Amino acid sequence: MTRLSVNPIALLFVLALGSAAFAAPLEEGGSGRVVEVVDGDTLVLDDGRQVRLVGIQAPKLPLGRPGFEAWPLGEKSKAALEALVLGRVVSLRHGGRRIDRHGRALAHLFDEDGIWIQGALLDKGMARVYSFADNRALVPVMLAHERAAQASGRGIWGNPFYAVRAPGETERFIGSFQIVGGLVLDAAVVKRRGYLNFGPDWRTDFTVSIGPRDRAAFTESGIDIEAYAGQRVRVRGWIKSFNGPMIEATHPEQIEVLSE
């Protein structure tokens, strides 16, 4: 049986302190009453601020133009967030970049009882982890919440639209965000760029690429890119076409090492 490894220190921290304790390492960003829920990961406060729940991606609702169709369970995800926060006061906490390119606040949210909203949505299976290099706070803990929901088939994890993809099927998903699981056949650094190869032909098979600048984040986390060789991993990101399907990994949390 294959399972994902969990950092035992982080797990003990979760069990001992509970979700309210996560507010401690984050910077305060004020509070407000939620007056509108836009979708499963976006809401509006009574002071006019639009807030994007950082670190997660909920199923998308239709935007009314070609190429922006709804994803399965979009309405249910929105309803789950409404049940948690609509009409209630929430506190914003920041662990990285505070504003996105659309002017939305990027924050972890906590209700008046200290419940961590990202964790609650992940527990319900109403979102998946979606991290960025400039906003990595609490990602390992969010991944643990996601794993539990996925193992139980809750929410989105019971729908094939959100299934973990095998490397050999990634060609069909170019241009979309996916989680891909498989064995790294080879890992190397070539001209300062890291590569994880999942097939015998790097020109056509699925690959993970780690840019020269991004490699620093892996080094700072004590990760040797070449040590991924022979490991079973899950990697998440947007699949693009470059010598076959490829995901660009900009930070270590995009790659989860599996253990037997």
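## Confidence and conventions

The protein averages a pLDDT of 90, and 88% of the residues score at least 70.

This is a predicted model, in which local features need pLDDT of at least 70 and side-chain atom pairs count only at pLDDT 80 or more, while totals for chains, interfaces and linings use all residues. Residues are numbered from 1 along each chain as its sequence is written, and side-chain values use heavy atoms, with hydrogens and water left out.

## Overall make-up

The protein has five helices and 15 strands. These are DSSP runs numbered from the N terminus, with helices being H or I of at least four residues and strands E of at least two. Of the contacts between residues at least 6 apart in sequence, 61% join residues at least 24 apart.

Buried residues make up 47% of the 260 residues. Buried means under 20% relative accessible area, exposed means over 50%, and partly exposed lies in between (1.4 Å probe, protein chains only). The protein exposes about 12700 Å², of which carbon and sulfur atoms supply 54%. Accessible areas come from the Shrake-Rupley method with a 1.4 Å probe, and for residues only the protein chains shown count as cover.

## Valine 34 and valine 90

Valine 34 lies in strand 2 and valine 90 in strand 6 (residues 89-94). Valine 34 is buried, because its relative accessible area is 2%. Valine 90 also counts as buried, because its relative accessibility is 0%.

Not counting residues up to four places away in sequence, valine 34 touches Leu43, Val44, Leu45, Val85, Leu86, Gly87, Arg88 and Val90. With the same exclusion, the contacts of valine 90 include Val34, Leu45, Val85, Leu109 and Phe110. Valine 90 and leucine 45 are 45 residues apart in sequence, with their C-alpha atoms 8.9 Å apart. For valine 34 and aspartate 47, the separation is 13 residues in sequence and 9.2 Å from C-alpha to C-alpha.

## Helix 3

Helix 3 (residues 117-124) is mostly covered, with six of its eight residues buried. Those six are Ile117, Gln118, Gly119, Ala120, Leu121 and Leu122. They pack against strand 4 (50-53), strand 5 (55-57), helix 2 (74-85), strand 7 (105-111), strand 8 (128-130) and helix 4 (139-152). Just after helix 3, glycine 125 takes a positive phi of about 75 degrees.

## Loop residues

Most residues other than glycine have a negative phi. Leucine 73 has a positive phi, near 70 degrees, and is found in the loop between strand 5 and helix 2. Leucine 73 counts as partly exposed because its relative accessible area is 23%. Lysine 191 also has a positive phi, near 50 degrees, and lies in the loop between strand 10 (186-190) and strand 11 (193-197). Lysine 191 is exposed, because its relative accessible area is 79%.

Isoleucine 223 is in the loop between helix 5 (215-220) and strand 13 (232-241). Its relative accessibility is 26%, so isoleucine 223 counts as partly exposed. Leaving aside neighbours within four places in sequence, isoleucine 223 is in contact with Phe218, Tyr228 and Pro252. Isoleucine 223 and proline 252 are 29 residues apart in sequence and 8.0 Å apart from C-alpha to C-alpha.

## The largest pocket

The largest pocket has a volume of about 1000 Å³. Among the 30 residues that line the largest pocket, Arg52, Lys60, His102, Arg104 and Tyr130 are the closest to its centre. The elements giving two or more residues to this lining are strand 2 (27-39), strand 4 and strand 5. Strand 5 gives the most, with three residues.

On a 1 Å grid over the protein atoms alone, a pocket is an open set of points where a 1.4 Å probe fits, with protein on both sides within 12 Å along at least five of seven lines; lining residues have an atom within 4 Å of a point. Grid points are joined across faces, edges and corners, and a volume is the space filled by probe spheres set on the points. The lining of the largest pocket divides into 13 nonpolar, seven polar and ten charged residues. Ala, Val, Leu, Ile, Met, Phe, Trp, Tyr, Cys and Pro count as nonpolar, Asp, Glu, Lys and Arg as charged, and the others, Gly among them, as polar.

Conventions: Contact means heavy atoms within 4.5 Å. pLDDT is the predictor's confidence in each residue, from 0 to 100.
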